[in-house]
Amino acid sequence: MKRLSMLCAVGCLLACNQQEKAGVLCHEAEQEGGLKVSVVRECAVTKSDAGYVEVLDVEKMEKKISVFVFDKETGVLNASRTITNTEEECSFSIPVGEKTVWAVINGPELDDVVSFRQFEAIVDDLSDSSLEDAGLTMIGSADCTVEAGKTVSPTVTVARMVSRIVLRNVA
């Protein structure tokens, strides 16, 4: 009988230790930090002559901006949000760790994306919509590290995915 109660005590002690460790691991996994993302457009870069450097309104158009936060190690999507312009605040509360933040302006539908691999595989077909209706697609990314109880403020600079060509004369 003594042996049985001793074995029960040892088993209970081991179970309590195992339970405590699992609780610590779960608590660490639940730690979150803040992320306040700013999206800015790259300065207009042109290879045109000095007289042709203006940016057209259609090139500045912002129909929708999709912001994605991927875990850098696993590639899993931690959070996403759609905003309407670059002036709008885009904040997240996400698990701690190294992150890659992507922003897509005027891009295709990205609602089904759950991993970076899926995000990478998206194709933006210019023939699917008109420039005046959809605007130019712009994309960019930034890396950051989210720490528990702190807010990180990465800036994602987006650039056009296509170039504009101007034909001035035909010889």
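These are legends for a set of close-up views of a predicted model.

**View 1. The whole chain, to get your bearings.** The chain has four helices and eight strands. If you walk along the sequence, the elements come in the pattern α-β-α-β-β-β-β-α-α-β-β-β. There are 171 residues, and 30% of them count as buried. Take the contacts between residues at least 6 apart in sequence: 70% of those join residues at least 24 apart. The accessible surface comes to about 11800 Å², with 54% of that belonging to carbon and sulfur atoms.

**View 2. The largest nonpolar core.** In soluble globular proteins, nonpolar side chains tend to be buried together. Here, the largest nonpolar core holds 21 residues, and the ones touching the most other members are Leu35, Val37, Val39, Val67, Phe92 and Val101. Which elements give two or more residues to this core? They are β1 (32-41), β2 (65-71), β3, β4, β5 (97-105), β6 and β8 (155-160). Strand β6 gives the most, with four residues.

**View 3. Valine 67 and its neighbours.** Val67 is one of the residues that touch the most other members of the largest nonpolar core. Setting aside residues within four places in sequence, valine 67 is in contact with Val37, Val39, Ala79, Ser80, Arg81, Ile83, Cys90, Phe92, Val101, Trp102 and Ala103.

**View 4. Threonine 100, tucked into strand β5.** Threonine 100 is found in strand β5. Buried or exposed? Threonine 100 has a relative accessible area of 12%, so it is buried. Not counting residues up to four places away in sequence, threonine 100 touches Phe68, Val69, Phe70, Lys72, Ser141, Ala142 and Asp143. Phenylalanine 116 sits 16 residues from threonine 100 in sequence, and their C-alpha atoms are 9.4 Å apart in space.

**View 5. Asparagine 106 and its positive phi.** Follow the chain out of β5 and you reach the loop between β5 and α3 (116-120), where asparagine 106 lies. Asparagine 106 isn't a glycine, yet it has a positive phi of about 60 degrees. Its relative accessible area is 5%, so asparagine 106 is buried.

**View 6. Threonine 86, a buried loop residue.** Threonine 86 is in the loop between β3 (77-83) and β4 (90-95). How does a value of 18% relative accessibility class this residue? The cut-off for buried is under 20%, so threonine 86, at 18%, counts as buried. Beyond its neighbours within four places in sequence, threonine 86 is in contact with Val39, Glu62, Ile65 and Ile105.

**View 7. Serine 93, out on strand β4.** Serine 93 belongs to strand β4. Its relative accessibility is 55%, so serine 93 counts as exposed. Leaving out residues up to four places away in sequence, serine 93 touches Glu32 and Gly33. Lysine 36 is 57 residues away along the chain, and the C-alpha atoms of serine 93 and lysine 36 are separated by 9.0 Å.

View 8. Alanine 148 is in the loop between β6 (138-146) and β7 (151-152). At 40% relative accessibility, alanine 148 counts as partly exposed. Its contacts, apart from neighbours within four places in sequence, are Gln31, Glu32 and Val96. Proline 95 is 53 residues from alanine 148 along the chain, with 7.9 Å between their C-alpha atoms. Moving on to strand β7, you'll find valine 152. Valine 152 touches Gly34, Leu35, Lys36, Cys144, Thr145 and Val146, again not counting residues up to four places away in sequence. Glycine 33 and valine 152 are 119 residues apart in sequence, but 7.9 Å apart in space, C-alpha to C-alpha.

**View 9. The second largest pocket.** How much space lies in this pocket? About 220 Å³. It is lined by 13 residues, and the closest to its centre are Ile122, Asp124, Thr137, Ile139 and Met161. Sorted by type, the lining has 10 nonpolar residues, one polar and two charged.

Methods: Residues are numbered from 1 along each chain as its sequence is written. This is a predicted model: local features need pLDDT of at least 70, side-chain atom pairs count only at pLDDT 80 or more; totals for chains, interfaces and linings use all residues. Side-chain values use heavy atoms; hydrogens and water are left out. Buried means under 20% relative accessible area, exposed over 50%, partly exposed in between (1.4 Å probe, protein chains only). Contact means heavy atoms within 4.5 Å. On a 1 Å grid over the protein atoms alone, a cavity is a set of points where a 1.4 Å probe fits but cannot get out, and a pocket is an open set with protein on both sides within 12 Å along at least five of seven lines; lining residues have an atom within 4 Å of a point. Grid points are joined across faces, edges and corners, and a volume is the space filled by probe spheres set on the points. Ala, Val, Leu, Ile, Met, Phe, Trp, Tyr, Cys and Pro count as nonpolar, Asp, Glu, Lys and Arg as charged, and the others, Gly among them, as polar. A nonpolar core is a set of buried Ala, Val, Leu, Ile, Met, Phe, Trp, Tyr and Cys residues joined through side-chain atoms within 4.5 Å. Accessible areas come from the Shrake-Rupley method with a 1.4 Å probe; for residues, only the protein chains shown count as cover.
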